[in-house]
Amino acid sequence: MCDERHRPRDPELTVSTHKDLLRTHFDSYARTWHERLTNHVYAMRYRAVERMVAHQFFGSVLDVGCGTGDFAQLFDPARTYYVGIDISESMIAESRRLYPAHQFKVADGDSIDAADSSVDLVLSIGVLEYLPDPLSHLQELARVTKPGGTIIVTVPNESNRSRQFDEPIRRLIDSAPGKWLRRVMRRPSQTRPKVRTVVKDASIRHRHMTVDELRGIGMTAGLALVEYSHVSLYLVSELIPGAASLNDVVSRALSDRPYGTWLQRKTALVLVAKLEKL
């Protein structure tokens, strides 16, 4: 979810068509989406959200774009009324299978079936990046959130500069000297599987945002940014053997810590933000 820089969306792509593409996209991911929590990007994002809700009581939680409902694990169904919504029927079916003690339903986050100022905590994890109008999304989340209530959103980090080294490294690896060196070292080529099990339309892009950008649209929606984290540090290209393990180790050691904030901001893949309704 965090591999592409934001590009303008096709002006001819209508809202309804875009939602159909997203629905098909996530339907195809539903069977294995839960397994992503083992990937360091998703694991670090999960831990950041977990820290932001720890030691707090929320009587009601709305998880918009809940996917396979993995954040439901953070809430005790005996104490918190949690509802997860998603436009993907396959995702909701998988959520119900994985977390039967919680409530899930197929619904559109652009028009939430909830009363004004009725929810203590709203989650929007990995949703904002897919939307053509992030302000409208935050305004709808703010509408259903109680005054003083909490909204937690995540989005790919626009301040990240580490990915810019991937392309030159890929060119080097794919060059004649690089191929020769791989053969000498008996390293396999970096190739993608020919047959993909998921559906990803080229029109689907990932919006990246900085802290300042998110703070600005938050204020417009009547929300104050009260806490944020940069997580999932990416210091070494995935194309280098062993890099995934190294990035995981470094992420666990440095992400969301009170030191190394410049390094976190410039190398983290994900921005996690906690907002409060004014």
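Analyst: **Strand pairing and aromatic rings**

Strand S6 (residues 223-233) runs antiparallel to strand S7 (residues 268-277), and nine bridges join the two. Strands here are DSSP runs of E with at least two residues, helices are runs of H or I with at least four residues, and both are numbered from the N terminus; two strands pair if DSSP finds at least two bridges between them. Within this pairing, Ala224 has Glu276 of S7 as its bridge partner.

The model is predicted, so local features need pLDDT of at least 70 and side-chain atom pairs count only at pLDDT 80 or more, whereas totals for chains, interfaces and linings use all residues. Residues are numbered from 1 along each chain as its sequence is written, and side-chain values use heavy atoms, with hydrogens and water left out.

S6 is largely enclosed by the rest of the structure, because eight of its eleven residues are buried. Buried means under 20% relative accessible area, exposed over 50%, and partly exposed in between, with a 1.4 Å probe and protein chains only.

For aromatic pairs, ring centres of Phe, Tyr and Trp (six-membered ring) must lie within 6.5 Å; planes under 30 degrees apart are stacked, over 60 edge-to-face, and the rest tilted. That rule gives eight aromatic pairs. Phe26 and Tyr29 form a tilted pair, because their ring centres are 6.5 Å apart and their planes lie at 45°. Both residues belong to helix H1 (residues 15-33), three residues or about one turn apart, and both are buried. Trp33 and Tyr42 are edge-to-face, because their centres are 6.0 Å apart and their planes are at 80°; both are buried. Ring pairs link Phe26, Tyr29, Trp33, Tyr42 and Tyr130 into a cluster.
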